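Please look through the sequence and the model shown here before reading on. The briefing that follows goes through the strands, a helix, a pocket, the salt bridges and the end of the chain.

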Amino acid sequence: MWAEYQAAYYSDRPQVTEWKSSPLANDHDFSDVPDGYEIITRHTQVIDLSYPLPMLWQGVRKSYHSIIHRANEQYDDIRQDISIIPFRLTHHAAFGNVRTEQTFIEQSKWLASGYGISVSATSSTEEGTHSTVAAAYWIIYKGYAYYASGPAIEKNVQHAVIWKSLELLKDKGIQFVDMGQVDGDSVKERNIGKFKAGFGGRAVPFQIVRKVQA
């Protein structure tokens, strides 16, 4: 399933030039890297969901608490989706057509088979129409969850979507969540990493094997 997604994702992109290990999976051995590649150590934020919810809430950055409370009051519904459509529409609205439609079809299959969940927040207009304003997609594999993408078209709502996701993942028996890299190379990547780190947990090292550019 993952191979099918990668084939769709890279169908209109250059060849993959890097590979990443995961602190949640002991299935990468980068000890014998061939010439022309380099090993880089980076950090990803890992949250242990085995703690009670009140303790997990205490681990969330204090400034996020009021943001999450306000979002829960402001938006009609923050919930798990049974369809990929809310996530896909929000992704298109936030980022444009940067991915092929086949990638969303593959992610829809993961939802149906239990290898992914999608959580979204909905807003209502005075005319009575509803629109998705933020969403988060999570990959689930071997009892772990990985934060894949979080498009949003309104500010200060994604915090509540992620917190709701953590609650749902805990209910599903997921113990560890990998929020993704927190020490990127660019200012934008580091700001995203700071946002992710605000949900608690700890920074754990992982490795990247990257082809050296000529």
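Two strands are said to pair if DSSP finds at least two bridges between them, and the helices and strands themselves are DSSP runs, helices being H or I of at least four residues and strands being E of at least two, numbered from the N terminus. By that rule β5 and strand β6 (residues 144-149) are joined by 5 bridges and run antiparallel. The model is a predicted one, in which local features need pLDDT of at least 70, side-chain atom pairs count only at pLDDT 80 or more, and totals for chains, interfaces and linings use all residues. Residues are numbered from 1 along each chain as its sequence is written, and side-chain values use heavy atoms, with hydrogens and water left out.

**Strands and their pairing**

- Strand β5, which covers residues 130-141, is mostly covered, since 9 of its 12 residues are buried, where buried means under 20% relative accessible area, exposed means over 50%, and partly exposed lies in between (1.4 Å probe, protein chains only).
- On one side of this pairing pattern, strand β4 (residues 116-124) meets β5 in the antiparallel sense over 9 bridges, and Ile117 stands opposite Trp138 in β5.
- In the pairing with β6, Ile139 has Tyr146 as its bridge partner, and in the hairpin of β5 and β6, with 2 residues between the strands, Lys142 takes a positive phi near 50 degrees.
- Strand β6 also pairs with β7, here in the parallel sense and over 3 bridges, with Val177 in β7 as the bridge partner of Ala145.
- Strand β7 is in turn joined to β2 by 4 bridges, the two running antiparallel, and Asp178 in β7 is the bridge partner of Val46.

**Helix α4**

- The buried residues of α4 are Pro86, Phe87, Arg88, Thr90 and His91, and they pack against β3 (77-81), α5, β4, β5 and β6, contact being taken as heavy atoms within 4.5 Å.
- Just after α4, Gly96 takes a positive phi of about 85 degrees.

**The second largest pocket**

- About 230 Å³ of space lies in the second largest pocket, where a volume is the space filled by probe spheres set on grid points that are joined across faces, edges and corners.
- On a 1 Å grid over the protein atoms alone, a pocket is an open set of points with protein on both sides within 12 Å along at least five of seven lines, unlike a cavity, where a 1.4 Å probe fits but cannot get out, and lining residues have an atom within 4 Å of a point.
- The lining of this pocket is made by 15 residues, of which Val46, Ile47, Asp48, Tyr51 and Gly201 lie nearest its centre, and β2 (37-48), α2 (53-59) and β8 (202-211) each supply at least two lining residues.
- By type, the lining of the second largest pocket divides into 10 nonpolar, 3 polar and 2 charged residues, with Ala, Val, Leu, Ile, Met, Phe, Trp, Tyr, Cys and Pro counted as nonpolar, Asp, Glu, Lys and Arg as charged, and the others, Gly among them, as polar.

**Salt bridges**

- The structure holds 4 salt bridges, each being a side-chain nitrogen of Lys or Arg within 4 Å of a carboxyl oxygen of Asp or Glu.
- One of them joins Asp185 to Arg42, with the closest N and O atoms 2.5 Å apart; Asp185 lies in the loop between β7 (176-181) and α7 (187-197) and Arg42 in strand β2, so the pair ties together parts that are 143 residues apart in sequence.
- Within that pair, Asp185 is partly exposed, with a relative accessible area of 47%, whereas Arg42 counts as buried at 17% relative accessibility.
- Another joins Arg88 to Glu101, with the closest N and O atoms 3.4 Å apart; because Arg88 lies in helix α4 (residues 85-95) and Glu101 in helix α5 (residues 101-113), the pair ties together parts that are 13 residues apart in sequence.
- A further salt bridge links Lys109 and Glu106, the closest N and O atoms being 3.5 Å apart, and these two residues, 3 residues apart in helix α5, are separated by about one helical turn.
- Lys109 is partly exposed at 39% relative accessibility, while Glu106 is buried, with a relative accessible area of 4%.

**After β8**

- Val212 is placed in the segment after β8 and is partly exposed, with a relative accessible area of 44%.
- Leaving aside neighbours within four places in sequence, Val212 is in contact with Gly36, Tyr37 and Glu38.
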